[in-house]
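This report sets out the computed geometry of a single protein model. Please consult the sequence and the coordinates alongside the text.

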Amino acid sequence: MQKLARKVIDGTTGGGQVLRNAFAYSALTGREIEVVNIRGARNPPGLKAQHLEGVQLCGRVAAATLQGDAKGSVRVAFKPSGRLAGGLLQSDAKTAGSVTLLVQTALPLLLFAPNSTGDRNVFEVKGGTDVGMSPPLDFFTHVFLPMAAKFGVKAEVSAVTRGVFPKGGGKLRLEVERRTAPLTPITLESIGSPVSATAHCFVAPAGARSERDLAELRQLAEKQLAQMFPSDSVSKRVVGQAAAAANHGAALVFVVETDAGCTVAGSALKDPKGDDTYAKMARSASTMLARQLAAAAPVDEHLQDQLLILAVLAEGVSKYATGPITEHTQEAIKVAHELTDAKIEVTKLSENTNLITCTGIGYMPPS
């Protein structure tokens, strides 16, 4: 494989999303990179514990040489070996840092990393499963993974324990079937009509109080679903879990499936430092869901950047309609253009709807 020129990436904006994509592309392609001004627009700037763990995770898979990989660092140099190593990978955010973001960091690598013991790679990770500024576990499980499956991703996630702010302590296990061919492109241009709506309720820790709280949250979620989808043409159900965790917390994720094969969601977490009520959670999650459905786009505001790396790696042209382009997506497009030969265009379809078109690189690791 031809050696690619070393690249410097400006990490001032975009936060952890720039780091996840940049180091994943570097690990996969063997391209040496240096990320500077890491989270420079944040206060304080630099790597947090969960960002550092993600960088080092990519380094382990790529047998990379790293410089500057320390908490608070604003510069990291990453020199991959050009080889990927799969099997069993383990990671610990050491805080309530998001494990679903670490899983999204690991997923593209595990899809292609060779494994001498079989055709499945495994990632075990500790941290926060349901924490702010990241996908809740039920969103990752019931929204992200089904949409990723359209690219040919075959993966399963299971929670040993849940982890919430401030103590974390959640444990996840991700199993990924290794690809023997490039990912397949997707086309999602119409959202279709809702056919099912499910409320996923989670309260922690397990115990009598949480069972009472769970019953309240389930009742509120059922009421919101009935108000949003009064027609019997949409099947409705509520599922719930009072789960083991290090401290009290709760999450609610509404998931809607459509007849076009799309999955959209609205979610809310209980702020352990605030005075959030379960009624407020239910209203917040339903408001987010209503906004996603009103946008009439098959890919919601959270998925639009999360799916992009899969479209970049796929062989062929992916197209998906989404709402207003977020800063995360803008940064994801910029990083993809800087580190790969993918061609990505954004076309405005209406005032609030855009079409992302990505001609992927048809990635496969060097033999």
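Where is the place of Ala-181? Ala-181 sits in the loop between S8 and strand S9 (187-188), where strands (E, at least two residues) and helices (H or I, at least four) are DSSP runs numbered from the N terminus.

## Basis of the model

The model is predicted: local features need pLDDT of at least 70 and side-chain atom pairs count only at pLDDT 80 or more, while totals for chains, interfaces and linings use all residues. Residues are numbered from 1 along each chain as its sequence is written, and side-chain values use heavy atoms, with hydrogens and water left out.

## Overall architecture

The protein contains 9 helices and 16 strands. Its radius of gyration is 20 Å, close to the 21 Å that the globule rule gives for 367 residues, so the protein is as compact as a globular protein of that length. The radius is taken over C-alpha atoms, and the rule is 2.2 Å times the number of residues to the power 0.38. Along the principal axes, the C-alpha trace spans about 60 × 45 × 45 Å.

Of the 367 residues, 53% are buried. Here buried means under 20% relative accessible area, exposed means over 50%, and partly exposed lies in between (1.4 Å probe, protein chains only). With contact defined as heavy atoms within 4.5 Å, residues 24 or more positions apart account for 74% of the contacts with a separation of 6 or more.

## Surface and charge

The protein exposes about 15300 Å², of which carbon and sulfur atoms supply 49%. Accessible areas come from the Shrake-Rupley method with a 1.4 Å probe; for residues, only the protein chains shown count as cover.

There are 39 positive and 34 negative charges, and their mean positions are 5 Å apart. Lys and Arg count as positive and Asp and Glu as negative, without His or the chain ends; each charge is placed at NZ of Lys, CZ of Arg, CG of Asp or CD of Glu.

## Aromatic pairing

A pair of aromatic rings is described by the distance of the centres and the angle of the planes. Rings of Phe, Tyr and Trp (its six-membered ring) pair if their centres lie within 6.5 Å; planes under 30 degrees apart count as stacked, over 60 as edge-to-face and the rest as tilted. The count comes to 3 aromatic pairs. In one of them, the ring centres of Phe-112 and Tyr-363 are 5.0 Å apart and the planes stand at 85 degrees, so the pair is edge-to-face.

This pair links distant parts of the chain, 251 residues apart: Phe-112 belongs to helix H3 (residues 99-112), and Tyr-363 to the segment after strand S16 (353-359). Both Phe-112 and Tyr-363 are buried. Phe-112 is also touched by Ala-181, which touches Met-364 as well, not counting residues up to four places away in sequence. Ala-181 is itself partly exposed, with a relative accessible area of 34%.

## Backbone geometry

Most residues other than glycine have a negative phi, and most peptide bonds are trans. A cis peptide bond joins Asn-43 and Pro-44, with omega about 5 degrees; Pro-44 is in the loop between strand S2 (33-36) and helix H2 (49-61). Another cis bond joins Ala-204 and Pro-205, with omega about -5 degrees. Pro-205 is placed in the loop between strand S10 (194-204) and helix H5 (208-228).

Lys-94 has a positive phi, near 65 degrees, and lies in the loop between strand S5 (88-92) and H3. Lys-94 is exposed at 62% relative accessible area. Phi of Met-133 is likewise positive, near 60 degrees. Met-133 lies in the loop between strand S6 (120-127) and helix H4 (137-149) and counts as exposed, at 86% relative accessibility.

## Two further sites

Leu-225, in helix H5, is buried, with a relative accessible area of 1%. Beyond its neighbours within four places in sequence, Leu-225 is in contact with Ala-197, Thr-198, Ala-199, Lys-236, Arg-237, Val-238 and Phe-254.

Phe-165 occupies the loop between strand S7 (155-161) and strand S8 (170-177) and is partly exposed, with a relative accessible area of 37%. Phe-165 and Gly-97 are 68 residues apart in sequence, with a C-alpha to C-alpha distance of 8.4 Å.
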